[in-house]
Amino acid sequence: QVQLVESGGGLVQPGGSLRLSCAASGFSLDYYAIGWFRQAPGKEREGVSCIDSSYSRKYYADSVKGRFTISRDNAKNTVYLQMNSLKPEDTAVYYCARYLGYYSCPQQPIGFGSWGQGTQVTVSS
């Protein structure tokens, strides 16, 4: 079974931190780039970050650069998103997905599949 499961969301105050996890099963992270996305109520889903399966190149949306860090532990078949200096506008359901083109992140956040169920991140005082 190909599956991605997100976890680690919660309620934090502005300026706080969370680490999200994306656990993969049914396939190996050795062969797929993994992206993080988020969707707020009434908003389109947007790409947040992506990490290649090879060379570990990383990409970030401008809105999160300098605050979020994506990483990969292939031994655990898990991708992480460390989120620091959180802002209220970061509030959303966060999803991970694998890039079906394999290996490298695309230029645009399209071509992803095997979406997880999402984990809620709420940033509020």
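1. Start with Ser114. Leaving out residues up to four places away in sequence, Ser114 touches Val2, Leu4, Cys96, Ala97 and Arg98. Keep in mind that this is a predicted model.

2. Where does Ser114 sit? Ser114 lies in the loop between strand E10 (112-113) and strand E11 (119-123).

3. Buried would need under 20%, and exposed over 50%.

4. Ser114 and Arg98 are 16 residues apart in sequence. In space, their C-alpha atoms are 6.2 Å apart. The two side chains make a polar contact with each other, at 2.9 Å.

5. Now the largest nonpolar core. This core has 26 residues. Which of them touch the most other members? They are Ile34, Trp36, Phe68, Val79, Leu81, Met83 and Tyr94.

6. At least two residues come from each of E3 (18-25), E4 (34-39), E5 (46-51), E7 (68-73), E8 (78-83), E9 (92-99) and E11. Strand E3 gives the largest share, four residues.

7. Take Val79 as an example. Its neighbours within four places in sequence are set aside here. Val79 is then in contact with Leu20, Ser21, Cys22, Leu29, Ile34, Trp36, Ile51, Ile70, Ser71 and Arg72.

8. Another core, of seven residues, lies apart from the largest one. Its members include Ala33, Cys50, Ala97 and Tyr99.

Definitions and conventions: Residues are numbered from 1 along each chain as its sequence is written. This is a predicted model: local features need pLDDT of at least 70, side-chain atom pairs count only at pLDDT 80 or more; totals for chains, interfaces and linings use all residues. Side-chain values use heavy atoms; hydrogens and water are left out. Contact means heavy atoms within 4.5 Å. A polar contact is a pair of N or O atoms within 3.5 Å; within protein, one must be able to donate a hydrogen and the other to accept it, and residues adjacent in sequence count only if both atoms are side-chain atoms. A nonpolar core is a set of buried Ala, Val, Leu, Ile, Met, Phe, Trp, Tyr and Cys residues joined through side-chain atoms within 4.5 Å. Buried means under 20% relative accessible area, exposed over 50%, partly exposed in between (1.4 Å probe, protein chains only).
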